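Thanks for coming. I have a few local details to go through today, so please look at the sequence and the model on the screen.

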Amino acid sequence: MSEPKPPTPTPGDMYKGWLFKWTNYIKGYQRRWFVLSNGLLSYYRTQAEMGHTCRGTINLATANIAVEDSCNFVISNGGAQTYHLKASSEVERQRWITALELAKAKAVHMQAESDDSGDDCPAAPLTSGQSGGCRNLEIQSTLRTLGSKVEDLNTCNDLIVKHGSALQRSLSELEGIRVVGDMGEKMRQVTERATLFRITSNAMINACRDFLSLAQSQSKRWQKALQVERDQRIRLEETLEQLAKQHNHLERAFRGATVLPPSFSNPALASKGGGPVKGDASDEDDDNEFFDAMEDPAAFITVPADPKYHRSGSNISGISSETGMDDQSVNFDEQSLASNPESPQTLELEPVRQRRTRIPDKPNYYLNLWSIMKNCIGKELSKIPMPVNFNEPLSMLQRLSEDLEYYELLDKAAKCQSSLEQMCYVAAFTVSSYSTTVHRTGKPFNPLLGETFELDRLKDCGYRSLCEQVSHHPPAAAHHASSEKGWNLRQEITLASKFRGKYLSIMPLGSIQCLFDKSDNHYSWKKVTTTVHNIIVGKLWIDQSGEIDVVNHKTGDRCHLKFAPYSYFSRDVPRKVTGVVADKDGKAHYVLSGTWDEKMEFSRIMQSSKGENGTEGKQRTVYQTLKAKEIWRKNPLPEGAENMYFFSSLALTLNEPEEGVAPTDCRWRPDQKLMEDGRWDEANAEKQRLEEKQRTVRREREREAVKAASSPEEAVTEDSINESPSKTDARETGTDANEGFDESTHPDNYTAMWFEKLDDPVSGETLHVYKGGYWEAKEQGGWDMCPDLF
């Protein structure tokens, strides 16, 4: 991509342009905007940052400039700062070298002039206290020196008067001599006094010369000091201006991050004061909010929309006609952000069950992690036999049910009239499901085949859900939730995980779908990769990274969410998430931003345009948006959560006993319950018993499959099953005997009890869908068909 060539630099000119700067061995050279002015070389990520954020500055007066090859050169000031730079061409590199050499020569010359008088204090700008104190001492010392020189001049003057008078008397006496014998003595006296007069006169001349030299040097120095004061005043004025801009930028950012202002629940008030106050043209760049991470620069920038878009509701129709948007989508349903006023009043008359808020504290057991993990590198997590010391007292089915902690987002989405507004809530719900994982480093229990978990919150929250482990190899869980507010959520998740020695990667496979009864909108998306770091050494921490596309299969709307991976070299907010909601034609309507562990905000896009090139020359889109509003915020953890596996308020209730649940429910699992009670040794023994029982059940199921096989080619002989229990054991416990074993030839031969595998005609995916019957069986107490798992 060609750029306009800058003019050849001349002394005193400001020179600026793009250069590639070496950052680190991971990122290599990154494109940065460099500015050369007043002997200082500064750089920024983008041109827009010149107004508020400088990334680094080097003083050329003390710097060395070295050329490495045709395009590369190095600037260093002796080790403290070193810039390895690369120009786009040899001609461009030579332009920069010429500009830098001229600027350096001028800076060195100015520094030499300021140091000519041998001043005790450096001419470089100091802090206000240091500068004032140094100059006061300097002036006092100069005055004392000048005073002493004046005293010397007075002394010399007195001596000249004294010795001059004596010489005059001697000469008068010499004229009156008549006797030749006295001539010699008088001549000797005249000679001595003439010598004293000459010495005194020389001293006087030297003192005058010193005084004149000192006065001239001090005059020159004071002129330089005056110029330094003027330059410093200019720099202080520029700094003050930059600080004022930064303050203005932070004020606007703070106002944009304000949570639920008083006018938020009142559309009339919100429409009157929703926009930022128009500032000077110089503030334009300071209002930019950048979404560019060090890992992978974002493809867009958001800036505040023109104040004309912040008119009252009567003028919004005109705005929508200008921007090509319908009135309904511009008038964002802000009422849906508040609590639902249409909730049935009859629910308030029924007593709400008080659920528990604590579980026993986690005991502190020592375990040699490396002795277990060193033989497991490269294996899947589901095939590694783990003691309960690495677990948390919840099943994977219960972790899936925790996705519903922020069900209110789907309740609000069900009331939206616009599919684009609804997409914002669905996207926020997608991000909210990760908020519970930020401190949850414990591994959930692998469910047994046929294990279930129900979460009945129909009276409390208006929804209920059911999970079932529908496959053991590969491990897969099906989940279905339905709400009285008019939405249904279903998902089938298979976990693929790898232990890499230093970290553990968990890749959820499968799809999540959300259906809304009123609008018939059908959404689907997938999950991102979860990484657990510092498995062997250090404190465990979790990161989410990847991209999610939330698709509305009915309208074609799409929301692209990006979870930025954590990087030590990034200046971005950790756990950052950004996204853009676009219609079927690709036109962007909303921008989402926030973090997956704290909150999400949305901004209405009023206008978009192609902006300047970002890092690595990628062109980014600039969105003019309305003021950002909060759409989701994480609930605070309960008191003492750090001693309760960092469970949320919902997670604390998942193992609470419930009446009438199926005998296959996770709440009945003994090893999990023993771990929650702090009896870990008994939990480990119970875990081994359940695994052995499941192996026996699986071998029995395979024998049944052998007997039911219609052809010998498709059957597995009973003798082979009896002679090779090690392979079956490996599938169940994940021992080393499982390596090289083809699971596709040994299916689970299990039919899910509450789910059936169907092809979804809308999304084109195949997944287990709830077939009904569970809640009816619970009302009738008909659990006779359930297997004995525990």
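Helices (H or I, at least four residues) and strands (E, at least two) are DSSP runs here, numbered from the N terminus. This is a predicted model, in which local features need pLDDT of at least 70, side-chain atom pairs count only at pLDDT 80 or more, and totals for chains, interfaces and linings use all residues. Residues are numbered from 1 along each chain as its sequence is written, and side-chain values use heavy atoms, with hydrogens and water left out.

I start with Asn38, in the loop between strand 2 (28–37) and strand 3 (40–44). Asn38 is not a glycine, yet its phi is positive, near 55°. Buried means under 20% relative accessible area, exposed over 50%, and partly exposed in between, with a 1.4 Å probe and protein chains only. Asn38 counts as exposed because its relative accessibility is 75%.

Tyr645 also has a positive phi, near 65°. Tyr645 sits in the loop between strand 25 (629–633) and helix 12 (670–676). Is Tyr645 buried or exposed? At 8% relative accessibility, Tyr645 counts as buried.

Now strand 14, residues 475–483. Eight of its nine residues are buried, so strand 14 is largely enclosed by the rest of the structure. Two strands pair if DSSP finds at least two bridges between them. Strand 14 pairs with strand 13 (residues 463–472) over nine bridges, in the antiparallel sense, and Gln469 stands opposite Ala477. These two strands form a hairpin with two residues between them.

Strand 15 (residues 487–499) runs antiparallel to strand 14, joined by seven bridges, with His480 opposite Arg490. That hairpin has three residues between the strands, and Gly486 takes a positive phi near 100° there.
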